[in-house]
Amino acid sequence: MDHQPKFFENLSGTGKAIGVLTSGGDAQGMNAAVRAVVRMGIYVKAKVYFVYEGYQGMVDGGDNIVEVSWESVSSILQVGGTVIGSARCKSFRTRGGRLQAAYNLVQRGITNLCVIGGDGSLTGANLFREEWSGLLEELAQKGQIDEEAVKKYAYLNIVGMVGSIDNDFCGTDMTIGTDSALHRIIEVVDAIMTTAQSHQRTFVLEVMGRHCGYLALVSALACGADWVFIPEYPPEEGWEDSMCVKLSENRARKKRLNIIIVAEGAIDCHNKPITSEKVKDLVVQRLGFDTRVTILGHVQRGGTPSAFDRILASRMGVEAVLALLEATPATPACVVSLSGNQAVRLPLMECVQMTQEVQKAMDEGRFVEAVKLRGRSFENNLNTYKLLSHKKPDAELPMTNFNVAVLNVGAPAAGMNAAVRAAVRVGITEGHKMFAVIDGFEGFARGKIKEISWGDVGGWTGQGGSILGTKRTLPAKYLEKIADQMRTNNINALMVIGGFEAYESCLQLYEARSCFEEFCVPICVLPATISNNVPGTDFSIGADTALNAIVETCDRIKQSASGTKRRVFIIETMGGYCGYLANMGALAAGADAAYIFEEQFDIRELQANVEHLTEKMKTSIQRGLVLRNENCNENYTTDFIYQLYSEEGKGVFDCRKNVLGHMQQGGAPSPFDRNFGTKISAKAMQWISKKLKETYRKGKIFANTDDSVCLLGMRRRNLVFQPVAELKTETDFVHRIPKEQWWLKLRPLMKILAKYKTSYDVSDSGQLEHVAMHSPKEAETGAI
């Protein structure tokens, strides 16, 4: 879509006052949202107030409503929970309480509220907005405010952000805090797996989610659990028998442990609760397995926010301020949320009503509808889980006589193994024979190919690196040998999981089709690289894990200087020529600058950055962070920048430098990467099956069209298969990056939050959309 960029410079907040509060249960990332609202508000010249202790503080007034400055939100980005406090408030539920709250806001001229909380908090805010003019009239009648104030503050604007670890709010793909809660759960599951393995134990894990099974479902998907209980999808009659059969079959297959995940609100089809204790007793009585229960409880709410939550909350906070500036008396109260990778605004009450519809559907036993109402992301998760967790008996599997090979190409990335596991299991379910290629195309040429079974990939989701082995070698120099191996092993389709090399490799195979008809088979590329530099996709498997590693390290590095004198850290990240890790790492760690190849900079800019930091350091701010992509400039090296800052900052701050190196590539995959890898891989395998059926003629496969060699990527809101031949025009092959990258739009965001003056293109935001029940067609195009 071609549009004229629209910049928010013409949106001024002069004369406006914004109140920000967190309400209901806390969630990691709320502080990042508060920080973004405060800094964006001050940036557009509005006054910003903290409302401490949620609605209780609004009713009590006094010191609970305080004007804040830029520095007030310094160093809170990495803190879990909410620094402005949250409380359940009974008095705000009464009209008298709301009357008092209205009085306290009018006294300070606050007519814009940014509420961060769950559906209860947001419903309360909407009621407050609807009653506002009536409340002001009443205050005027009582003589507490004058008529002038009634006119001046006639309208209250409300924008909500959903902070809830349960991800139980309809209309948004991810609520603030959900990703961090998944991090806590997966950390525990990974730790429990090692002890369960030692003793051949069964573990029943209870996770939060009274009314929503999202956490249970996604963590089950991310750790390959044997069974999961969630409120939206109760097990069928006789589930006790089928679960015990499944557990004992797994043991018979030499699996040493079983993991069962139970959402705290899990029910059976008669709406009776299924508790973790009940599940444990059942396993012990029927099977005699050594079984333990672990209830995770409030651990899930705690800890530092993940990189994803910090970026999500920062984007939402800025979007919320823009929505308040653009609000008119006619616009309904809205929620800013995320759909795919796109920031959207939705009418608050439509979302709340839909969220309540889900509960109603569950109470009335309409579970299929409840899953649909939860949204396409939830439905996709459930379908993928069902596909991967239960192996049908061999007799029930279709027989296609097709052989599909899976290989990893390029550098290892966390989440590759989850993708291989999903491909193998979905392939077997579809009736294909699955083959694993060891060591990429080099191994392929040498005939390192073996059949791989359902059980072989058990426990792979949580493993980092590449179990199959991977090499950067491109196929061009081995084409003949690879064609021989494909003929010998009768390979009918290829799934290539890897980074830029994987994309280039498939392009080479596509171009070699005229010489080798063995390559005339369906081929699918799955982007997996920490650099996130593959054309045709917004995200790559592995980039989220690397980002978390960077952000965690930045937090530690910043903390290392606490209590010492003022200090600036220069940190070098990986990524080749792609600045994704440096830019997003800077946004998530609260850095002052990020130097990247895509945005050329000169000595004047470096000088301006140093001066800017020096000014900042003269206030109460103690630490500065500067990120530099490894290839951003051949002359302005990390050493050069370090020496420049050291020299110019003399007397104000001192400098340290860190090169993060390969720690960005290692580690266990994050929940996002496990889930993303699993889902796109399952989808790619189904695409391969469809192509195999379409291209099977006279006893053989012959696929020679452009659309039979595709890359599956996430674009804005959907998963799309794009022919690699078409992506050629979008690629800068010299620097191995896409010509256009979506995240560059977030550059100004980082600068604004670091107190720079800049232009921010808001063309993508601002349109109020409606919450739609998704059609089956939409489910096919596939959201994440």
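Author: Start with accessibility: buried means under 20% relative accessible area, exposed means over 50%, and partly exposed is in between (1.4 Å probe, protein chains only). This is a predicted model, in which local features need pLDDT of at least 70 and side-chain atom pairs count only at pLDDT 80 or more, while totals for chains, interfaces and linings use all residues. Residues are numbered from 1 along each chain as its sequence is written, and side-chain values use heavy atoms, with hydrogens and water left out.

Reader: Why is Ser248 called partly exposed?

Author: Its relative accessible area is 29%.

Reader: Where is Ser248 found, and what is Ser248 in contact with, leaving aside its neighbours within four places in sequence?

Author: Ser248 is in helix H8 (residues 239–252); helices are DSSP runs of H or I with at least four residues, strands are runs of E with at least two, and both are numbered from the N terminus. Contact means heavy atoms within 4.5 Å, and beyond those neighbours Ser248 is in contact with Leu287 and Phe289. A polar atom of the Ser248 side chain also lies 3.1 Å from the backbone oxygen of Val245.

Reader: How do you know at what angle H8 and helix H9 cross?

Author: Axes are lines fitted to C-alpha atoms, for helices over the stretch in contact, and angles run from 0 to 180 degrees between N-to-C directions. The axes of H8 and H9 (residues 276–287) come within 11 Å and cross at roughly 65°. The contact involves Trp239, Glu240, Asp241, Met243, Cys244, Leu247 and Ser248 of H8, and Lys278, Val279, Leu282, Val283, Arg286 and Leu287 of H9.

Reader: What makes H7 and H13 oblique to each other?

Author: Angles under 35 degrees count as roughly parallel, over 145 as roughly antiparallel, 65 to 115 as roughly perpendicular, and the rest as oblique. The axes of helix H7 (residues 214–223) and helix H13 (residues 376–389) come within 10 Å and cross at roughly 40°. H7 and H13 are therefore oblique. Among the residues that meet there are Tyr214 and Leu217 in H7 and Phe378 and Asn381 in H13.

Reader: Why is Tyr580 called buried?

Author: Tyr580 has 4% relative accessibility and therefore counts as buried, the limit being under 20%. Tyr580 lies in helix H19 (residues 580–589). Leaving aside neighbours within four places in sequence, its contacts include Leu547, Trp742 and Trp743. Tyr580 and Leu547 are 33 residues apart in sequence and 9.1 Å apart in space, C-alpha to C-alpha.

Reader: How do you know that the span of helix H18 agrees with what its residues should give?

Author: The expected span of a helix is 1.5 Å times one less than its number of residues. For the 18 residues of H18 (residues 543–560) this should be 26 Å, and the end C-alpha atoms are 26 Å apart, so the two agree. Of those 18 residues, 14 are buried, so H18 is largely enclosed by the rest of the structure.

Reader: What makes the phi of Gln200 worth a remark, and is Gln200 buried or partly exposed?

Author: Phi of Gln200 is near 50°, a positive value in a residue other than glycine. Gln200 is in the loop between helix H6 (178–199) and strand S6 (202–207). At a relative accessible area of 37%, Gln200 is partly exposed.

Conventions
A polar contact is a pair of N or O atoms within 3.5 Å; within protein, one must be able to donate a hydrogen and the other to accept it, and residues adjacent in sequence count only if both atoms are side-chain atoms.
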